[in-house]
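Colleague: Before I use any labels from this one, I'd like to hear what backs them up. Can we go through a few?
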Amino acid sequence: MKLDAIDLRILEAVQRDGRITKVALAEEVGLSPTPCWMRLQKLEKSGIVSGYHARVAVRRMAPVASVMMEVTLDNHRQADFDRFERAVAAIPEIIACWSAGGGVDYILKIMAADIDAYQRLVDGLLNREIGIARYFTYIVTKTVKEKTTLPLSVLLAAPEASNS
């Protein structure tokens, strides 16, 4: 789907505030409400806008442990990847999992009640025999930057013409 500057402004606005009103969105992007809303609905139907979410400040409710984990599997057949990914998908504390190229197979982001809860989670993964050869744990001690919005104007900018 080809996006124009207005579509990008709509996407940037709803990323910042998913509860923005039709009128406020239209004002922000410079359209009247009906065409603006129709554009947003088109973006939703195409799957470009895939949902709306609330950011929850869990640390205001309870202390939690944020952990990054690198995982390397024993074997690298498709069935091994599928088994691991099915297991990871079923564990709510694993809030993100990326398949990676390079020295590790997966990088996981885990939120646990504390380090003991994290270790119990890892022990459970190892006991399930889902093919983990080795893993490395990185405890997050401070969040320096964690954005929930994508820099669309940077990612989708047309490359500048070369002067050479």
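Modeller: Quick caveat: it's a predicted model, where local features need pLDDT of at least 70, side-chain atom pairs count only at pLDDT 80 or more, and totals for chains, interfaces and linings use all residues. Residues are numbered from 1 along each chain as its sequence is written, and side-chain values use heavy atoms, with hydrogens and water left out.

Colleague: Why is Glu12 called partly exposed?

Modeller: Its relative accessibility is 23%; buried means under 20% relative accessible area, exposed over 50%, and partly exposed in between (1.4 Å probe, protein chains only). So Glu12 counts as partly exposed.

Colleague: What does Glu12 touch, not counting residues up to four places away in sequence?

Modeller: Leu152 and Ser153, with contact meaning heavy atoms within 4.5 Å.

Colleague: Which residues of helix 1 are buried?

Modeller: Ile6, Asp7, Leu8, Ile10, Leu11, Ala13 and Val14. The buried residues pack against helix 2 (22–29), helix 3 (33–45) and helix 6 (152–155).

Colleague: And which element gives the largest share of the lining of the largest pocket?

Modeller: Helix 1, with four residues.

Notes. Helix = DSSP H or I, 4+ residues; strand = E, 2+ residues; numbered from the N terminus.
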